[in-house]
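Let's take a friendly walk through a protein model. Have a look at the picture first, and then we will go through some of its parts together.

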Amino acid sequence: VRYIYRLGKGNEGSGALLYADISRDGGKTWHFKQIMHNTDDDSRDEIADINPYTGEIYLMYTRKGGRLVKTTKMRSQWTSSSVLPFSVDFTTGSFIWLSTNVNSEYHRMVAAVPAENGVVTYISDDDGETWLGPSNLITSPDFEGRWLNPAGSPQMIELNNGKLWMLTRNSQDNLWEYYSDDKG
């Protein structure tokens with residue numbers, strides 16, 4: 001069975017919907033728009049991803065602050081939403097899981113989110129229940145004479161040597177790279 005997960009808006013007042021497009025024949029035919037989760041009518045700026053170690057779906061969204069919901073029991077149930085110490089924005093935020101376990105049960109989660117004049121990271125070593133952060137501010141150098149978005153759309157990967165590599169862009173169409181030696 002193959003799944004493609006995507007976010008969309010439902011009818012007026014129905015909130016953000018997480019859809020699954022499902023193929024049971026290796027991708028030859030698809031069943032589209034199976035609704036997996038509805039956040040509620042006040043949510044916005046949703047980011048969804050699949051935990052590569054458990055296969056569960058994680059959905060971060062903004063609703064009077066940041067929220068996190070996730071599936072359990074092999075995607076058969078959803079948790080109630082928990083509060084995040086940051087807001088998310090689908091155009092300027094991202095999150096990943098690192099490869100090594102930080103304790104006997106979980107992999108570290110690292111979220112890169114917008115902050116005033118840049119991007120900061122938060123880390124969770126307990127599957128998103130608690131978060132440490134923010135990190136130091138990640139920003140590009142100032143540029144005179146043109147509107148400046150100092151860092152946006154952060155994307156992170158973990159390199160083979162254990163460092164995190166983050167790429168961000170700014171409003172001058174420049175790409176900036178940053179490294180973390182301490183796992184976020």
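## Aromatic pairs

How many aromatic pairs does a search of the whole structure find? This is a predicted model, and the search turns up five aromatic pairs. One of them joins F95 and W97 edge-to-face, with 5.4 Å from centre to centre and 70° between the planes. You will find both F95 and W97 buried. Ring pairs also bring Y58 into the picture, linking Y58, F95 and W97 into a cluster.

Now look at W165 and Y179. Why is this pair called stacked? The planes of the two rings are at 10°, and planes under 30 degrees apart count as stacked; the ring centres are 6.4 Å apart. W165 belongs to strand β13 (residues 164-169) and Y179 to strand β14 (residues 175-180), so the pair ties together parts that are 14 residues apart in sequence.

How accessible are these two residues? W165 has a relative accessible area of 25%, so W165 is partly exposed, as the value falls between 20% and 50%. Y179 is partly exposed as well, with a relative accessible area of 49%.

## The nonpolar cores

Which residues have the most contacts inside the largest nonpolar core? They are M60, F86, F95, M109, V113 and W131, in a core of 15 residues. Two or more residues of this core come from each of β5 (57-62), β9 (94-101), β10 and β11 (118-124). Strand β10 gives the largest share, three residues.

Leaving aside neighbours within four places in sequence, F86 is in contact with M60, G65, G66, A111, V113, Y122 and W131. There is also a second, separate core of 10 residues, which includes I96, L98, I138 and M166.

## A closer look at H107

H107 is found in strand β10, which covers residues 107-115. Is H107 buried or exposed? Its relative accessible area is 15%, and since buried means under 20%, H107 is buried.

What surrounds H107? Apart from neighbours within four places in sequence, H107 is in contact with Y53, W97, L98, S99, T100, N101, V102 and S124. For S99 there is a further detail to spot: its backbone oxygen lies 3.0 Å from a polar atom of the H107 side chain.

Key: Residues are numbered from 1 along each chain as its sequence is written. This is a predicted model: local features need pLDDT of at least 70, side-chain atom pairs count only at pLDDT 80 or more; totals for chains, interfaces and linings use all residues. Side-chain values use heavy atoms; hydrogens and water are left out. Helices (H or I, at least four residues) and strands (E, at least two) are DSSP runs, numbered from the N terminus. Buried means under 20% relative accessible area, exposed over 50%, partly exposed in between (1.4 Å probe, protein chains only). A polar contact is a pair of N or O atoms within 3.5 Å; within protein, one must be able to donate a hydrogen and the other to accept it, and residues adjacent in sequence count only if both atoms are side-chain atoms. Contact means heavy atoms within 4.5 Å. A nonpolar core is a set of buried Ala, Val, Leu, Ile, Met, Phe, Trp, Tyr and Cys residues joined through side-chain atoms within 4.5 Å. Rings of Phe, Tyr and Trp (its six-membered ring) pair if their centres lie within 6.5 Å; planes under 30 degrees apart count as stacked, over 60 as edge-to-face and the rest as tilted.
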